[in-house]
Structures are given as structure tokens and as C-alpha cells.
Amino acid sequence: MPSIGIDYTAAYEQGGGIGRYVRELVTALARLDTATDYRLFVSGVTAQKPLPAVPGSNFTWRGTSITPLWLARLWQRAQVPLHVELFTGTVDLYHATDFTLPPTRSTTRHAAHRA
């Protein structure tokens with residue numbers, strides 16, 4: 001069974017725009033695909049704003065309290081090779097839905113949303 005990591009951070013933080021796109025994407029995937037292992041990555045998770053229920057039994061949350069701003073600084077400015085799989089676990093494909101494509105392992109394919 002393939003595993004796909006999806007950056008859900010925009011959906012967690014934003015009501016419209018990319019956040020809405022990510023929510024709609026995940027909702028559609030949950031309706032259409034019950035076999036793929038989906039790992040929804042969220043940065044900036046806080047106790048004050050809990051994660052919603054997973055959309056299906058084949059979805060899991062993979063979060064960190066590290067904020068999106070700090071991850072972008074680490075990944076893009078400092079170029080720290082902190083692979084996103086540290087948070088998601090090993091995945092076959094990682095879909096970056098916002099402006100930052102994190103470092104991935106060489107075995108992980110990746111796709112980035114370009115608005």
C-alpha cells in the first residue's frame with residue numbers, strides 16, 4: 001500500500017486560499033481512496049487549537065509544534081537537511097501544498113503546489 005504525506009499546515013491555519021484547497025483535496029481523497037496510507041503533516045500545532053478528526057481510517061495526523069515560520073527558516077534560509085520524513089515517517093510521495101518544499105529523502109518523490 002502506498003503512503004503519501006500531505007502538508008496540511010495551510011488548512012490548519014487559513015480559512016481560504018491554499019487552506020481551502022488543501023481541505024477540499026483531503027476531503028475528496030477520503031471519499032475516493034480508502035486504501036492509500038495518508039499522513040497529514042501540520043506544523044505549529046498547539047493545545048489551544050486541536051487538530052480536527054481524521055477524514056478517514058487511512059489518514060493519520062503527523063504534527064509538530066515547530067511553527068511554519070521556523071521550519072521555513074530552517075529549510076530555506078539555513079538549508080538544514082531536516083527531512084520532512086522525520087515528522088511523517090517514510091512516505092512514497094510528499095505533496096507540499098504551500099510555498100516551502102522541505103528537504104526529502106532521496107527515495108521520496110515530491111510534488112509542490114504552485115499558486
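Author: Start with one term. A charge sits over a ring if NZ of Lys or CZ of Arg is within 6 Å of the ring centre and within 35 degrees of the ring normal. Keep in mind that the model is predicted.

Now apply the term. The charged end of R73 sits over the ring of W70, and the distance to the ring centre is 4.7 Å. K49 does likewise with Y12: K49 lies over the ring face, 4.6 Å from the centre.

Next come rings with rings. Such a pair is described by two things, the distance of the centres and the angle of the planes. The structure has three aromatic pairs. One of them joins Y8 and W61, with ring centres 5.0 Å apart. Their planes meet at 70 degrees, and the cut-off is over 60, so the pair is edge-to-face. Y8 and W61 are 53 residues apart, and the pair links distant parts of the chain. Y8 sits in the loop between β1 (3-7) and α1 (9-13), while W61 belongs to strand β3 (residues 59-64). Y8 has 9% relative accessibility, so Y8 counts as buried.

Now charge with charge. Side chains of opposite charge can pair when their charged atoms come close. The count here is one salt bridge. R39 and D37 form it, with their closest N and O atoms 2.8 Å apart. Buried means under 20% relative accessible area. R39 has 12% relative accessibility, so R39 is buried. D37 has 19%, so D37 is buried too.

That brings us to strand β2 (residues 37-43). Seven of its seven residues are buried. D37, R39, F41 and S43 point one way, and Y38, L40 and V42 point the other way. β2 runs parallel to β1, joined by five bridges. There, I6 stands opposite L40. β2 also runs parallel to β3, joined by six bridges. V42 has G63 as its bridge partner in β3.

E85 lies in helix α4 (residues 85-88). E85 is buried but has no salt bridge. Leaving aside neighbours within four places in sequence, E85 still contacts T90, V91, P103, T104, R105 and T108.

Technical notes:
Residues numbered from 1 in each chain as written. Predicted model: local features only at pLDDT ≥ 70, side-chain atom pairs only at ≥ 80, totals over all residues. Heavy atoms only, no water. Salt bridge = Lys/Arg side-chain N within 4 Å of Asp/Glu carboxyl O. Buried < 20%, exposed > 50% of the residue type's maximum accessible area, 1.4 Å probe, protein only. Phe/Tyr/Trp six-rings, centres within 6.5 Å; stacked < 30°, edge-to-face > 60°. Helix = DSSP H or I, 4+ residues; strand = E, 2+ residues; numbered from the N terminus. Lys, Arg positive; Asp, Glu negative; His and termini not counted. Contact = heavy atoms within 4.5 Å. Pairing = 2+ DSSP bridges.
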